[in-house]
Protein chains: 2
Amino acid sequence: VTAASELADYLGRLSALERVAGLLGWDQETQMPLRGAAQRGAEAGAVAAAIHGLASDPRLADLCDAAEAEGPDLRTATDVREARRMHARATRVPATLASELAAVTSQAQGIWARARAAKDFAGFAPTLAHVVLLKRSEAACLAAPGQSPYNALIDDFEPGMTAEALAEMFAALRPGLVDLRGRIAEVARPAPQLAGTFDHAPQLALSRRIGEALGYDWSAGRLDLAVHPFCSGRLGDVRITTRVDAEDPLGNIYSTVHELGHALYEQGLDPEIALTPAGAAASMGVHESQSRLYENQIGRSRAFAQWLYPQLTEAFGDVGLASAEELHRANNAVATGFIRTEADEVHYNLHVMMRFELERALISGALEVEGLEAAWNARFLEDFGAAVPDAAQGVLQDVHWSVGLFGYFPTYTLGNVYAATLDAAIRAEIPDLDEQVAAGEFGALLDWLRPRVHRRGKLAAPETIIAEAAGRKPEPAFLIAALERKFGELYDLG
Amino acid sequence: VTAASELADYLGRLSALERVAGLLGWDQETQMPLRGAAQRGAEAGAVAAAIHGLASDPRLADLCDAAEAEGPDLRTATDVREARRMHARATRVPATLASELAAVTSQAQGIWARARAAKDFAGFAPTLAHVVLLKRSEAACLAAPGQSPYNALIDDFEPGMTAEALAEMFAALRPGLVDLRGRIAEVARPAPQLAGTFDHAPQLALSRRIGEALGYDWSAGRLDLAVHPFCSGRLGDVRITTRVDAEDPLGNIYSTVHELGHALYEQGLDPEIALTPAGAAASMGVHESQSRLYENQIGRSRAFAQWLYPQLTEAFGDVGLASAEELHRANNAVATGFIRTEADEVHYNLHVMMRFELERALISGALEVEGLEAAWNARFLEDFGAAVPDAAQGVLQDVHWSVGLFGYFPTYTLGNVYAATLDAAIRAEIPDLDEQVAAGEFGALLDWLRPRVHRRGKLAAPETIIAEAAGRKPEPAFLIAALERKFGELYDLG
């Protein structure tokens, strides 16, 4: 037995426990009965402790040394690098803290959901304060010498990324977004709106057909409902969730398309290495590039509307739109809204930017939870020119902080930048992509992504994967240029 | 911090991981996509290894010593006893064997399901042979000096029980069952049969209404479909499964009632101690006594038919039965059938007896898997006077062996004996039970069971709990007497 194969077995066990933790989360969101919440915390905590135990075990460090001494191939070298990362993070965070965090965030999610339903931030604030306190402790433990606590959290989702680099990215985006938003607001042209009867069952049936068309393997996944849709799992078991609103079939469709982007990535990992770190998804930013590419660059294209429109009218009869072109305009309506997940492409990154700055302040201690709602509302008014009507449409709208996700939000915008960069390359290499999409053919797109992104796993750094796939360095300018092009035409901007 | 509370924390973590293992099983049976099976083996194996790690850790033995030195109360003394049991079992079985068993049985289940669908025992035999080999190794590791390997397996489900005692129980049952069965066969009176249209949705709706009436807490559970129905979970998250057959609504109803009996037990544990061993269900035999009591003594009573009949006709219209009395006769039709789970109360224990003897021989090595199908078919012909038509109706019908459950089957009959013993006591203490059941009132029954059985957990030995609850020692004679009474009347036996 080589050390490399022993290491692969060990990391396979660790990966399996991480999938179990993911399954507990999926179950909690989609299947678990109400009263199960009280004991689920202990279950999540016990699995987190088992993961922590494996990751912090000195044997893992020894296996890494031994595997490295064998002169490892790229796969094993990558496993060694990632195992060292996990080991460092696990040994820096005490098991008791990791376990408490898992237990508290598991319970916090239910409390958040109830507080959001009641539009009552005060009902969630003490719990969130507890989560923030634990995350500050965790971040302080994780931070390398000279590294800020918040950067230590970011690094968990986006290896090598920093708040400083992200702040630069946001700064590069901001003028263009603000300018574009202002010019569209001046035009003040209301987009067409859907009207009709949008029953639950045909919405889900349409979601399923879209999954089929995009290349989602239904024998390796399933679709369920969740308050805040997400994708969970890896390779042969990748589950997506969506939401259904009788007033808003597009909400269902684009939630589904977004999660399908994530799911196609996970289903498309290299099966030879997918169940150890080397073959896992590169980073959250790269993950989000896949969901955003499908949701925005593909899903909100004119060609996609041409494919979708007849399916909408077949499923729902009259939808209040006269043509695919009207659907395209409805899909790209630009308006100031309160909810990030419903935001258009122009406003979306402004939502993210604000969360990035607020959570950075929460972790540094510059902001406390008791001041969070006021800070949120003030910042929203400043950026969007509108007063938040209630906490459910404000500070309580996202699940992330309740489950301990800090440093995660900025990867959404990073994903948008990566997606725009990839899209520019894809359209150069598949000149008739729009014709294919309009005909419901998504195979060439997936064939392009599979070897260049999905199957590379973590075998290169996130930014390198995108840069090598696209043949160009990812830049905010690609995103701004694409938005200018699309919305300039749709809104007849000068 | 007392050693008792440290022990409780430790055992709480162990119990949480066991619930996670249970959830993986539930998910696999009810939710998991087909292609997830390949990686689920590693997930189940990793959780089993984590459980094994906690159970075998010398710290657990130290905690037991320390807790015992404190002069423990009954709860802690019980936790200590059970912790020592788990520790002994875990240290006797190597982690690699435990993990291989979990991985192999997880995969075996899918292979079994496909072989059953194809009625092809040969497609399952090599896998089952692998499982048997591993179980023999496990049993050999577990057996205490002088204990047979099979007894070591039985002890896991029914502490203190032996194959010898079970053989005695079966021997006491056999003449009465064979005699009763012979007399009923001579009468040769066909029972009324249901006829009608039994759609999926109203079957499930009726299952839900029955759950509601029996006292199942829907906020602490849910109902799903499974090939082989089971109940999973504890206290605040106890999930039941059922099957739906458009030809056979009674199959759905009695599967549901059976699993509800299990679920009421798990939901009714003492919440103060339910999440450590002290408060967990006493044994599989006691568990089965609860499901059997609800399924047979209550569910197949005339009073239950009086309550059920109008609900059946409301749900399905004409069901081909003229009265509640005809439904009662349909519920108690006695006939030689091939499938254990569809067997009547007279034949059921003959099915179990045969599995008990076959698996006892498989574990001892007196029988090999290659000879199992022939042995099954020969034994079936001998006991039931009928030739097994195919493997799906024979040796492949049960999931148990595929998932490594050996020593489990006999607890079904033990449960029947316990249930008959409890029933005799309940009817003496609640003289109007039949009137209550006929009116759909099941509260007094549950109130009787909760303190006497459910809330006692493992605080006394299984047989002691039944004996103290019933005020009499459990005996096969109670079962035979009740069957004679019911079927003597229904079939006008002399």
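A polar contact is here a pair of N or O atoms within 3.5 Å, of which, within protein, one must be able to donate a hydrogen and the other to accept it, residues adjacent in sequence counting only if both atoms are side-chain atoms. The model is predicted, and local features need pLDDT of at least 70, side-chain atom pairs count only at pLDDT 80 or more, and totals for chains, interfaces and linings use all residues. Side-chain values use heavy atoms, with hydrogens and water left out.

**View 1. Polar contacts and salt bridges between chain B and chain A.** Between the two chains there are 20 residue pairs in polar contact, both residues at pLDDT 80 or more. Salt bridges (a side-chain nitrogen of Lys or Arg within 4 Å of a carboxyl oxygen of Asp or Glu) number 8 between chain B and chain A, and one of them joins the side chains of A:Asp217 and B:Arg35 at 2.7 Å, N to O.

**View 2. The buried area.** Chain B and chain A bury about 2,800 Å² between them, 57% of it on carbon and sulfur atoms, where buried area is the accessible area (1.4 Å probe) that two parts lose on being put together, summed over both. Of the area that chain B buries against chain A, B:Pro33, B:Arg35 and B:Gln39 supply 21%, more than any other three residues.

Methods
Residues are numbered from 1 along each chain as its sequence is written. Chains are lettered from A and ligands numbered from 1 in the order in which they are written.
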